[in-house]
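Let's take a friendly walk through a protein model together. Have the viewer ready and follow along as you read.

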Amino acid sequence: MTADIRLERNAFGRLVLTCADGETVEGVVPVRAFPIAAPDDGIALVAPDGREAAWIERLDTLPAPLRQLLEEELSRREFMPEIRRIHGVSSFATPSAWSVGTDRGDTEFVLWGEEFIRRLGKSGLLIEDSRGIHYLVRDLKALDRTSRRLLDRFL
Amino acid sequence: MESNRYAEKPDTAQAEPWRREAESLLAPGESLSAGLRLDLDAELHYAEGLLLVTSRRLLARATHGTGWQEWTFRPDLRLSHRDHAGVGSLELFDRAARLGSWRFTIGQNPAALRLADAFEAQLQSHLSGRPPEPPEEEGCPKCGAPLDAEGECPACARQIHAPPSTRTLLRLGRFARPYRWPLFWGFILTLASTAAAMVPPYLTMPLMDDVLIPYQNGQPIDVSLVTLLLGGLLAAALLAWGLSWAKTYILSLVAEHIGSDLRTVTFEHLMGLSLEYFGGKRTGDLMARIGSESDRICQFLSIHVLDFITDVLMIAMTAAILFSINPWLALATLLPLPFIAWLIQLVRDRLRTGFEKADRIWSEISNVLADTIPGIRVVKAFAQEARETRRFRAANAVNLAVNDRVNRVWSLFSPTITLLTAIGLLVVWAFGIWLVSRDRITVGVLTAFLAYISRFYTRLDSMSRIVSTTQRAAAGAKRLFDILDHVASVPEPARPLRLGEVSGRIELREVAFRYGNRSVLRGVDLAIAPGEMIGLVGHSGSGKTTLVNLICRFYDVTEGAIRLDGADIRSLALADYRRNIGLVLQEPFLFFGSVADNIAYGKPDATREEIVAAARAAHAHDFILRLPQGYDSLVGERGQGLSGGERQRISIARALLIDPRILILDEATSSVDTETEREIQKALDNLVRGRTTIAIAHRLSTLRKADRLVVMERGRIVEVGSHDALMAREGAYFRLYQAQARNVDADAAGAEPPRIEHVKRGQS
């Protein structure tokens with residue numbers, strides 16, 4: 001089933017979806033179905049009442065302007081900094097304060113316990129801090145030696 | 001207070017830099033009302049920005065270095081706050097468009113909410129010309145919650161975002177105080193037993209110099225001297241044995257007592273905490289904290305600290321003795337010590353990380369077990385035994401690899417210590433022989449030195465462990481103090497009102513409740529007459545259970561009041577008040593014990609006749625008699641062997657037995673099938689009779705008997721009335737009822753949203 005949709009940003013900064021049948025939904029929000037495993041596959045446009053208004057199979061098959069709009073909205077909504085480097089940790093006993101460099105800049109957070117580090121596949125990690133913010137380590141092996149050694153103490 | 005040290009510092013320190021900058025922007029007569037440090041930019045990168053509310057306008061600087069934007073107050077401005085997945089946003093709108101939007105991490109959320117409030121207040125005041133209403137009371141600078149008597153914020157003190165410090169261990173002093181005399185004697189005994197252990201090497205000196213060497217030089221052995229010296233050796237050994245026994249016994253006793261006090265106090269404190277606390281914690285975590293953490297602290301105190309003190313004393317005493325005999329040889333003996341200590345520490349450190357890793361890997365293995373064994377039906381049903389075995393084998397292989405690595409270092413450790421000891425001895429030998437050859441010392445002195453030093457190095461090893469054990473114990477202590485520092489959010493009144501005969505009239509006045517930052521209930525007004533049955537209905541998340549929890553006083557209202565017979569429930573003694581409430585939950589919880597014990601849980605002194613009467617009224621008597629041991633049958637944690645309906649009827653009997661004036665049924669019948677529901681309903685009808693009842697039910701049909709139905713939506717009461725009246729009104733209740741009636745068909749026809757697989761170019 002193929003449907004045509006139109007998506008625009010209105011003056012209030014909300015996305016307005018116009019479905020093929022002419023129905024419009026204001027304030028739709030793009031949500032990735034697999035934010036970690038397959039970020040570009042399966043994106044739902046969710047209406048303000050929590051209902052799925054449209055489903056996009058793949059982001060990269062979309063025409064450029066639509067994709068750009070979606071990517072822009074996603075980047076303003078999703079917050080999962082990707083850890084690129086670990087500058088230091090306050091102690092190897094938890095709770096421990098971490099100072100890290102991420103794709104969104106440098107930051108600090110507190111790790112409650114080792115159980116808040118979740119393994120993702122073979123070499124990925126998802127770290128949840130004391131405030132509930134998630135940090136991603138996409139590839140453990142791609143980190144530099146120091147970061148790896150620090151991280152290793154918690155794994 | 002120590003407890004405060006680990007709580008995050010209020011915002012004031014961080015606030016200062018921006019406050020100065022902000023004040024330079026103000027026009028004459030303009031005052032600063034609130035500020036928010038933004039820590040994210042529009043694309044959610046970490047960046048410093050600033051948002052200010054003054055008495056005239058909103059000022060914003062998106063990131064450092066960019067210019068200021070301002071919006072002077074006008075009637076159609078609106079500032080809206082949202083948060084999602086760790087990111088909060090504030091957006092400014094006027095009638096036509098969005099004017100600005102700012103992002104920040106969730107840590108800044110309280111400040112953002114305060115800024116939004118300040119914006120509203122200042123805007124209204126600016127438009128009306130009246131000065132803004134001053135805040136009700138001086139609140140916490142971080143979250144705005146009212147402070148307690150000591151000027152601390154109970155909400156913020158709870159959220160500890162700081163790593164543990166070994167200083168936490170000092171707080172154990174509070175638990176050590178009752179045992180200060182045994183501790184004192186323990187210390188004296190430690191001192192004495194260590195000193196006694198110093199004697200034997202010392203006696204080797206006269207044994208060498210005055211007995212053996214003179215004999216080799218042709219003199220006869222002085223039997224009385226030998227007897228004296230050997231007697232001294234025996235006496236010293238016996239003394240050291242006795243003292244060391246007494247010391248270990250006393251100190252272990254004290255440590256065990258401290259550990260046990262810690263456990264009891266923590267559990268007692270835990271029981272006093274409100275449901276709010278348990279809501280956020282996992283059972284396993286709390287169990288581990290109270291069980292193993294207190295044990296770890298106890299071990300630390302009784303073994304590690306004791307050993308460490310003994311070792312330090314021994315090394316200090318040995319050093320003193322060595323220096324008193326011969327300072328030069330002592331220097332040569334002690335010089336390599338720091339170096340050896342460093343080496344040991346190095347190896348230990350590697351070992352420790354290895355052991356910790358092995359510990360964690362072990363938990364990985366137990367995770368597989370904990371996953372697979374309870375889920376064995378699913379595993380078998382989907383024929384995934386081989387895959388689970390693979391998973392287990394993989395975890396086991398990792399375990400093996402880690403342990404292999406640890407063992408490589410570990411196997412090296414003991415020989416290394418021996419080697420170091422040998423090298424140390426070598427140094428002493430070499431230097432000693434040289435000194436003997438120069439007639440600076442006697443052979444006896446050298447022997448004594450060698451005897452002392454051989455005990456030295458092995459102690460260094462055990463001393464090196466103190467660092468890691470202290471760290472671990474500190475982490476354990478912190479976890480326990482986390483519980484102890486938690487202030488009960490449902491405080492017992494200082495001078496409680498006595499509760500006489502209760503009629504069961506409940507009034508809720510302007511009740512509001514916030515959970516964290518989230519507002520759950522707002523402006524709830526309801527008066528319930530004695531003996532009336534109220535049915536609470538609404539979608540899940542509409543605040544029904546919260547309302548019931550407030551009435552049970554599991555939480556306290558944030559605003560407004562709940563009154564029982566005209567008295568605010570906060571002024572009543574908790575136990576006194578709850579004695580009047582019977583609670584029947586969706587998932588009845590049976591404690592380990594007999595059926596009779598479970599029925600009599602709320603009234604342990606109930607007679608057998610009362611128990612049977614309650615069971616009869618709850619329609620539980622018949623099936624209880626069918627159990628192998630009748631009322632004495634054991635039921636487990638979740639009542640194994642009993643069906644859901646049977647458990648529910650036991651819990652109804654439990655509520656009946658305490659004969660409460662107020663009855664609360666929270667989805668009491670929703671987890672059972674319709675047939676069982678009918679049976680339970682009969683039991684409930686007995687229970688409800690003559691009592692003020694508040695019932696929550698998902699199936700609206702079960703509330704037919706209710707005098708009034710209260711419909712809730714998004715934390716508010718939207719409709720009140722009888723079933724017929726509400727149906728006639730065709731409002732929220734009507735929709736709920738219709739939806740439930742339609743439920744089956746609607747589910748089947750579930751509409752699929754439009755899908756987009758390929759969108760042709762140019763159509764967006």
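How many helices and strands are there in chain A? Chain A has two helices and eleven strands. Keep in mind as you look that this is a predicted model.

**Chain A**

The chain has 155 residues, and 48% of them are buried. Now take the contacts in chain A between residues at least 6 apart in sequence: 32% of these join residues at least 24 apart. As for its surface, chain A exposes about 7,300 Å², with carbon and sulfur atoms supplying 49% of that area.

Turn next to the insides. In soluble globular proteins, nonpolar side chains tend to be buried together. Here the largest nonpolar core has 46 residues, and B:Ile599, B:Ile652, B:Leu665 and B:Leu687 have the most contacts inside it. Helix α21 of chain B, residues 644-657, gives this core its largest share, six residues. A second, separate core has 33 residues, including B:Val520, B:Val548, B:Ile662 and B:Val710.

Beyond its neighbours within four places in sequence, B:Leu687 is in contact with B:Val584, B:Ile652, B:Ala655, B:Leu656, B:Leu663 and B:Leu665.

Which way do α6(B) and α7(B) run relative to each other, parallel or antiparallel? Helix α6 (residues 180-216) and helix α7 (residues 223-272) of chain B pack at an angle of about 160 degrees, and their axes are 8 Å apart. Because of that angle, α6(B) is roughly antiparallel to α7(B), as angles over 145 degrees count as roughly antiparallel. Their crossing is left-handed.

| Residue | Relative accessible area | Class |
|---|---|---|
| B:Ser55 | 17% | buried |
| B:Glu510 | 48% | partly exposed |
| B:Ala383 | 55% | exposed |

B:Ser55 sits in the loop between β2 (46-54) and β3 (57-61) of chain B. Setting aside residues up to four places away in sequence, B:Ser55 touches B:Gly29, B:Glu30, B:Ser31, B:Phe73, B:Gln122 and B:His126.

B:Ala383 is not a glycine, yet has a positive phi of about 55 degrees. You will find B:Ala383 in the loop between α12 (376-381) and α13 (385-437) of chain B. B:Glu510, not a glycine either, has a positive phi of about 50 degrees. B:Glu510 belongs to strand β8 (residues 506-515) of chain B.

Terms used:
Residues are numbered from 1 along each chain as its sequence is written. Chains are lettered from A and ligands numbered from 1 in the order in which they are written. This is a predicted model: local features need pLDDT of at least 70, side-chain atom pairs count only at pLDDT 80 or more; totals for chains, interfaces and linings use all residues. Side-chain values use heavy atoms; hydrogens and water are left out. A nonpolar core is a set of buried Ala, Val, Leu, Ile, Met, Phe, Trp, Tyr and Cys residues joined through side-chain atoms within 4.5 Å. Buried means under 20% relative accessible area, exposed over 50%, partly exposed in between (1.4 Å probe, protein chains only). Helices (H or I, at least four residues) and strands (E, at least two) are DSSP runs, numbered from the N terminus. Contact means heavy atoms within 4.5 Å. Accessible areas come from the Shrake-Rupley method with a 1.4 Å probe; for residues, only the protein chains shown count as cover. Axes are lines fitted to C-alpha atoms, for helices over the stretch in contact, and angles run from 0 to 180 degrees between N-to-C directions. Angles under 35 degrees count as roughly parallel, over 145 as roughly antiparallel, 65 to 115 as roughly perpendicular and the rest as oblique. A crossing is left-handed if the near helix is turned anticlockwise from the far one by less than a right angle, and right-handed if clockwise.
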